[in-house]
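I opened this notebook to record what I looked up, one topic per entry. The structure comes next, then my notes.

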Amino acid sequence: MSTTIDRGTALGLPEWDRCAVMGVVNVTPDSFSDGGRWFDTTAAVKHGLDLVAEGADLVDVGGESTRPGATRVDEEEELRRVVPVVRGLAAEGVTVSVDTMRASVAARAVEAGAVLVNDVSGGLADPGMVPAVAAAEVPFVVMHWRGFSDNMNSLAVYDDVVGEVVTELRTRMEAVIDGGIAPERLVIDPGLGFAKLAPHDLALVAHLPELRALGRPLLVAASRKRFLGHVLTREGATPPPARERDAATAAVSAIAAHTGAWAVRVHEVRATADAVRVARAVEGAA
Ligand code: PMM
């Protein structure tokens, strides 16, 4: 089936005829929405397989929480969390991506079978990352990022959030290409919630085609984030907890799929798998 929306493709990854679904496995004790739930290799692998059974096209494995205010995990611990889970899922034939800001973790995860490196810092956190990914010849997610989670809220200052994110992403794309990563392997991501307040995130979701105009496939990761808590908060009430934001997440998945996202990254796969299929059907009927 041919698509009417050109979502782009990343060299080295399968091609889907609709927006792909990336399921999240956080092997962490403290991620904001699912910390502690899959903090064991067997449970994490099982969870990844469950996400595939529910409709995930690829599974993103991370061992470091990036929630606002989080402090960094050390390298040995991150390796211990991530590598066996990547190996276990890849051995089952799952398309695995690794969510890490460390070159050593990316390299070891690729050896263990990961086929995509997802670095929320876009290569800024570790000077070894870009050379490692270039050498491994795997696709690379360049996310919009302004600084580590412990102080990113103070960096959420914009005059024109869409224009500034586009400009800063373009600069990072040029830097990683200069560093040796093939342009065909890049995926870009607006970094919802990273140095952004709710109005910034909403503006970025409203303007995805402007990000897509950078010419690379677009990954959108809204799942359970704070801006959805804001949207769902009734007057005078506190925001619903992260795990009660899955219907809102699926709504963003439908919008993102309909406006050209290549993939959406979510914790709860079932509703988003339906959302991207509905978006595909609507696209086919246009
Ligand atoms: N957000 C989180 C983690 N990894 N990766 C990408 N590419 N984009 C994101 O927005 C992103 C990410 C936040 O933590 P979570 O794993 O609990 O969603």
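**Entry 1: the ligand.** I started with the residues around the ligand. There are 15 of them, and D99, N118, D189, K225 and R265 come nearest. I am working from a predicted model.

I then asked what kinds of residues make up the shell around the ligand. Seven are nonpolar, four are polar and four are charged.

Next I looked up individual atom distances. For K225, I found a polar side-chain atom 2.6 Å from an oxygen atom of the ligand. N118 places a polar side-chain atom 2.7 Å from a ligand nitrogen atom. In the side chain of H267, an N or O atom is 3.3 Å from an oxygen atom of the ligand. How much of the ligand's accessible area does the protein cover? On its own the ligand has 410 Å², and the protein covers 98% of that.

**Entry 2: aromatic pairs.** I searched the whole structure for aromatic pairs and got two. One is W16 with W262, in an edge-to-face arrangement. Their centres are 6.2 Å apart, with 65° between the planes. I checked where the partners sit in the chain. W16 belongs to the segment before strand 1 (20–26). W262 is in the loop between helix 9 (246–258) and strand 8 (263–266). The two are 246 residues apart, so I noted this as a pair that links distant parts of the chain.

W262 has 4% relative accessibility, so W262 is buried.

The other pair is W145 with F148. The ring centres are 5.0 Å apart. Why does this pair count as edge-to-face? The planes stand at 90°, and the cut-off for that class is over 60 degrees. W145 is buried because its relative accessibility is 12%, and the limit is under 20%. F148 is at 28%, so F148 counts as partly exposed.

**Entry 3: strand 3.** I turned to strand 3, residues 96–99. Which residues lie on each of its faces? V96 and V98 are on one side, S97 and D99 on the other. All of them are buried, and both faces are covered.

I then checked how strand 3 pairs with strand 2, residues 58–62. The two run parallel and are joined by four bridges. Which residue stands opposite V98? I found V61 there.

Notes:
Residues are numbered from 1 along each chain as its sequence is written. This is a predicted model: local features need pLDDT of at least 70, side-chain atom pairs count only at pLDDT 80 or more; totals for chains, interfaces and linings use all residues. Side-chain values use heavy atoms; hydrogens and water are left out. A residue is near a molecule or strand if one of its heavy atoms lies within 4 Å of it. A polar contact is a pair of N or O atoms within 3.5 Å; within protein, one must be able to donate a hydrogen and the other to accept it, and residues adjacent in sequence count only if both atoms are side-chain atoms. Accessible areas come from the Shrake-Rupley method with a 1.4 Å probe; for residues, only the protein chains shown count as cover. Ala, Val, Leu, Ile, Met, Phe, Trp, Tyr, Cys and Pro count as nonpolar, Asp, Glu, Lys and Arg as charged, and the others, Gly among them, as polar. Rings of Phe, Tyr and Trp (its six-membered ring) pair if their centres lie within 6.5 Å; planes under 30 degrees apart count as stacked, over 60 as edge-to-face and the rest as tilted. Buried means under 20% relative accessible area, exposed over 50%, partly exposed in between (1.4 Å probe, protein chains only). Two strands pair if DSSP finds at least two bridges between them.
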